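Biologist: I'd like to understand the words you use for this model. Could you show it and take me through them?

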Amino acid sequence: MIFAKVIGTIVSTQKDENLKGKKLLLCKEVTHDGKPLNTYHVAVDAVQAGEGNFVLLTYGSSSRMTEVTKDAPIDAVVSAIIDDVEIEESFK
Amino acid sequence: MKVGRVIGVVWASKKVKELNGCRLSVVQPISTNGANVGNPLVVADPHSIGAVGNKIIYVTSTDAAQAFDTGVAPVNASVVQLVDEIA
């Protein structure tokens, strides 16, 4: 899983049958301390995340392993909203 | 499977129900001699194997879900073993 920040939502009317009712979020990958990286992902929202949230993003076929995303044609899912990341002082 | 060191924890109160009760650790991949390799990643630890500072073995990709009792979880990596020593 990787850290990401939700920077927007994606609205589409014409979509695959299995994507209906799913919110799509535009996420920018960040480091554990919140520094933005140059990678974007469109992810299905499984935890009612919103713009500005610091989230955990699961990618690849593993992203289909939630109740919300089962059998859906997706490769990224927002699986948690992160409250805090605690890194041990000696490993910083 | 790969070797890493647990360097921190992720606190998330709102998560998908498949991840409820599962510890989420920040893991720095390391080489066999202990040097850091690449960037830290988030690894699920369903059986709370690795505390902060521990050397662990983690499994990646779809197989990571097998570390959960249910076999179903949206994770890219899971802790499966605690390393005592690399001989």
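Modeller: Gladly! Let's start with pairing: two strands pair if DSSP finds at least two bridges between them. This is a predicted model, and in it A:L56 has A:A80, in strand 5 of chain A, as its bridge partner.

Biologist: What makes strand 4 and strand 5 of chain A a pair?

Modeller: Pairing needs at least two bridges. Strand 4 (residues 54–59) and strand 5 of chain A have five bridges, in the antiparallel sense, so they pair.

Biologist: And how do you know that strand 3 of chain A pairs with strand 5 of chain A?

Modeller: Two bridges join strand 3 (residues 36–45) to strand 5, and these strands run parallel. The cut-off is at least two bridges, so they pair. A:D45 has A:V78 of strand 5 as its bridge partner.

Biologist: Why is strand 5 of chain A called mostly covered?

Modeller: A residue is buried if 20 or more other C-beta atoms lie within 10 Å of its own. Five of the six residues in strand 5 (residues 76–81) are buried, hence "mostly covered".

Biologist: Which strands of chain B pair with chain A?

Modeller: Strand 2 of chain B pairs with strand 5 of chain A, antiparallel, over two bridges; there, B:K14 is the bridge partner of A:I81. Strand 1 of chain B is joined to strand 6 (residues 84–87) of chain A by four bridges, also antiparallel, and B:W11 is the bridge partner of A:D84.

Biologist: How many residues are in contact between the chains?

Modeller: 28 residues of chain B are in contact with 27 of chain A. Strand 1 of chain B gives the largest share of its side, five residues.

Conventions: Residues numbered from 1 in each chain as written. Chains lettered and ligands numbered in written order. Predicted model: local features only at pLDDT ≥ 70, side-chain atom pairs only at ≥ 80, totals over all residues. Contact = placed C-beta atoms within 7 Å. Buried ≥ 20, exposed ≤ 12 C-beta atoms within 10 Å, placed from the backbone.
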